[in-house]
Amino acid sequence: MQRSDIQLDINGKTYSISVPSQRTLLEVLREDLGLTGTKEGCAEGECGVCTVLLDGLPVRSCLLLAVDVRGRKIMTIEGVSPKGDLHPLQKAFIEHGAIQCGFCTPGMILSAKAILDQNPFSGEEEIRVGLSGNLCRCTGYVKIFKAVQAAAQR
Amino acid sequence: MKYFDYMEPKTLAEACQFLSQNEGAKILAGGVSLVVLLKNDLVRPSHLVNLKTIPGLDTIRWDDQDGLKIGTLNRHRDILFSPLVQKHCPILTEAVSKLATPPIRNMGTIGGNLCHGEPSADFPPALIAVGAKLRLFSPKGERIVPVEKFFVDFYETILSEGEILAEINIPPLPPRTAGTYIKLDKITNSIAIVGVASVISLDEKGVCTFAGVGLGGVAPTPLEVEKAKKILLGRQIEESDIDQVAEEAQAISNPLTNVYASDEYRKEMVYVLTKRALKESLQKALSM
């Protein structure tokens, strides 16, 4: 069985691992590297809880082969805030009651970060489209949109 | 997922070679369709050939003679945000804006979308309506195939062993051209129940000089409404002409029943949406 020795750049740190071709990035993150902030939901790229940022863009880690993303910049929820501080988005989510069970939250925060990094003045429509790839079964989305808008205004 | 060998070719020729030498090899582009199939054990390739390691397959160029040339590995987001596409083929921008969600658009490619061969995909109706041609590359040479001839059956295209879709070409359209893509879906940007794309060009007198209608989700493959050209070209289009094209769209449709919709509903809706799309395209073109 072919195993590849690859290096992954995750949250600014380089990880060296040996993986078979069919190992997904999600499996590597959660099972090989212990970065369990990224979740598995539908495993088919529809729900968004596996969302990570690849070179700043939201992607589905459950549909990416680890060998396919070596050398690219990956950010997971663990990399969103420096040690001890919360990112303005994370603070806004807490303040606005945008978190219930929390399962969608890592993916939401990363997608929201990508929206605001692209356009810090994003309006409601842009935020809605930008988060359309992240499902939430608890909140009904309203408070999530409000939280992102509040963070945008900061 | 079953085990597979993973290859990274440096050129298209090398990729074709890998594919020809390994009968069970499949191409990896964006992976958003393929990896789902792999996870569900619906395909069991012996090898995956990653096209993304080949440079130059993701350009978008405009040529005054040949028109718009879109490389096969352009991601949906590349097409969505391309000023060239917005300027020269806005119906494509409209179609891709209705395709799934941002993370999928950040990964999936137009080539992968076409080669996956899903009958309800969003690109094919729009590409059919504008008369797009596909450039297929193989070690034996290249061939150009009109997009409506590319699809053979459910998830089956005309690609032969070792052949790769390299480029999508949209010939230049006349100045007074307007297009519309209507997607009927249960949830915004989910899988299309019915998709209709129409493109109309008018001369200064309002006579139709170009027309194209493409359908998705109503047959084992995307369809071209061939008779649309016969009905619409050379006339100042009237409601009855549009009605005729919509009836023809319904006549050639042969939809399935599945969890999203029944065959009867699709058959009904393809008529309604073809009429609506053509009316809208005509209005837009008249106001130009």
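**View 1. Where chain A meets chain B.** In this predicted model, 23 residues of chain A are in contact (heavy atoms within 4.5 Å) with 26 residues of chain B. About 2,100 Å² is buried between the two chains, 60% of it from carbon and sulfur atoms; buried area here is the accessible area (1.4 Å probe) that two parts lose on being put together, summed over both.

**View 2. A salt bridge between the chains.** Here B:Lys52 pairs up with A:Asp68, with the closest N and O atoms 2.6 Å apart. The rule, a side-chain nitrogen of Lys or Arg within 4 Å of a carboxyl oxygen of Asp or Glu, finds 2 salt bridges across this interface. On chain A's side, strand S4 (57-60) and helix H4 (124-130) each supply at least two of the touching residues. Helices (H or I, at least four residues) and strands (E, at least two) are DSSP runs, numbered from the N terminus.

**View 3. Around B:Phe123 in the largest nonpolar core.** Such a core is a set of buried (under 20% relative accessible area, 1.4 Å probe, protein chains only) Ala, Val, Leu, Ile, Met, Phe, Trp, Tyr and Cys residues joined through side-chain atoms within 4.5 Å. This one has 71 residues, and among those touching the most other members are A:Leu8, B:Ile70 and B:Phe123. Helix H8 (residues 123-129) of chain B gives the most to this core, 5 residues. Leaving out residues up to four places away in sequence, B:Phe123 touches B:His76, B:Leu92 and B:Asn113, among others.

**Notes.** Residues are numbered from 1 along each chain as its sequence is written, chains are lettered from A and ligands numbered from 1 in the order written, and side-chain values use heavy atoms, without hydrogens and water. Local features need pLDDT of at least 70 and side-chain atom pairs count only at pLDDT 80 or more, while totals for chains, interfaces and linings use all residues.

Conventions: Buried < 20%, exposed > 50% of the residue type's maximum accessible area, 1.4 Å probe, protein only.
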